[in-house]
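I'm opening my notebook on a structure that is new to me.

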Amino acid sequence: MASVTRLHVHIPVRWSDLDAHGHVNNARMFTLLEEARIAAFWGGGPASPPTAVLETGAGAAVLTLIAAQQIEYRAPIPYHREPLDVELWMGRLGGASLQVCYEVFSPVGHDPRTLYTRAATTIVLVDRDSGAPRRLPDEARTAWQPYLDEPLTFRG
């Protein structure tokens, strides 16, 4: 698959994300990835990207559950006043699951551009009432197809 469109989500580093070593704590990185994923694929409001097509919230008929996550830390993330540039794309669209891939970079305009983290999250759609996997809706497949690219390959 040739490289296609990637979404860019800008996520701020909060003071509370830092650890005693002055960089983003490894566990807090999952929270930053979650915020980027929600902004890109679940969104909210009229400014949502075209990929924000799943209904979410307390009354939604379908739940999105995390089945697996893998993360690779490439460099410590120091505090930045500007938000990090998180690139997201779909590494795989399955029957009832999808894989969201991420590369977290230094803020836009920083020189050199630094890759801090690579990660992937596998999400399964599940029927709220039965708990059974639920197929990806056609609307989601159509919206996400332009962002489908090669999945990440992790070191070792």
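**Whole chain**

I looked up burial first: of the 156 residues of the protein chain, 41% count as buried, meaning under 20% relative accessible area with a 1.4 Å probe and protein chains only, while exposed is over 50% and partly exposed lies in between. I note that this is a predicted model, where local features need pLDDT of at least 70, side-chain atom pairs count only at pLDDT 80 or more, and totals for chains, interfaces and linings use all residues. Residues are numbered from 1 along each chain as its sequence is written, and side-chain values use heavy atoms, with hydrogens and water left out.

Next I went through the elements and found 2 helices and 5 strands in the protein chain; these are DSSP runs numbered from the N terminus, helices (H or I) of at least four residues and strands (E) of at least two. In sequence order the pattern reads β-α-β-β-β-β-α. The radius of gyration is 16 Å, close to the 15 Å from the globule rule for 156 residues, so the chain is as compact as a globular protein of that length. That radius is taken over C-alpha atoms, and the rule is 2.2 Å times the number of residues to the power 0.38. Along its principal axes, the C-alpha trace spans about 45 × 40 × 35 Å.

I also checked contacts (heavy atoms within 4.5 Å). Among those with a separation of 6 or more, 67% come from residues 24 or more positions apart.

**Helix H1 and the cores**

H1 covers residues 26–42, 17 residues in all, and reaches 24 Å from its first C-alpha to its last, close to the 24 Å expected at 1.5 Å a residue. The expected span is 1.5 Å times one less than the number of residues. At the start of H1, I found a side-chain oxygen of Asn25 within 2.8 Å of the backbone nitrogen of Ala27.

Which residues of H1 are buried? They are Met29, Leu32, Leu33, Ala36, Arg37, Ala40, Phe41 and Trp42. Their cover includes strands E1 (7–11), E2, E3, E4 and E5 (115–127), plus helix H2 (138–144).

Then I looked up the largest nonpolar core, which has 35 residues; Phe41, Leu88 and Trp144 are among those with the most contacts inside it. Such a core is a set of buried Ala, Val, Leu, Ile, Met, Phe, Trp, Tyr and Cys residues joined through side-chain atoms within 4.5 Å. H1 gives the most to this core, with 7 residues. A second, separate core of 5 residues includes Trp89, Cys101, Ala120 and Phe154.

Is Glu103 buried or exposed? Glu103 counts as buried because its relative accessibility is 12%. Glu103 sits in strand E4 (residues 97–105), and its side chain makes a polar contact of 3.4 Å with that of Arg118. For a polar contact I need a pair of N or O atoms within 3.5 Å; within protein, one must be able to donate a hydrogen and the other to accept it, and residues adjacent in sequence count only if both atoms are side-chain atoms.

Arg74 lies in the loop between strand E2 (62–73) and strand E3 (84–93). Arg74 counts as partly exposed because its relative accessibility is 38%. Its side chain makes a polar contact with the side chain of Glu72 at 3.1 Å. Leaving aside neighbours within four places in sequence, Arg74 touches Leu115, Tyr116, Thr117, Arg118 and Arg155.
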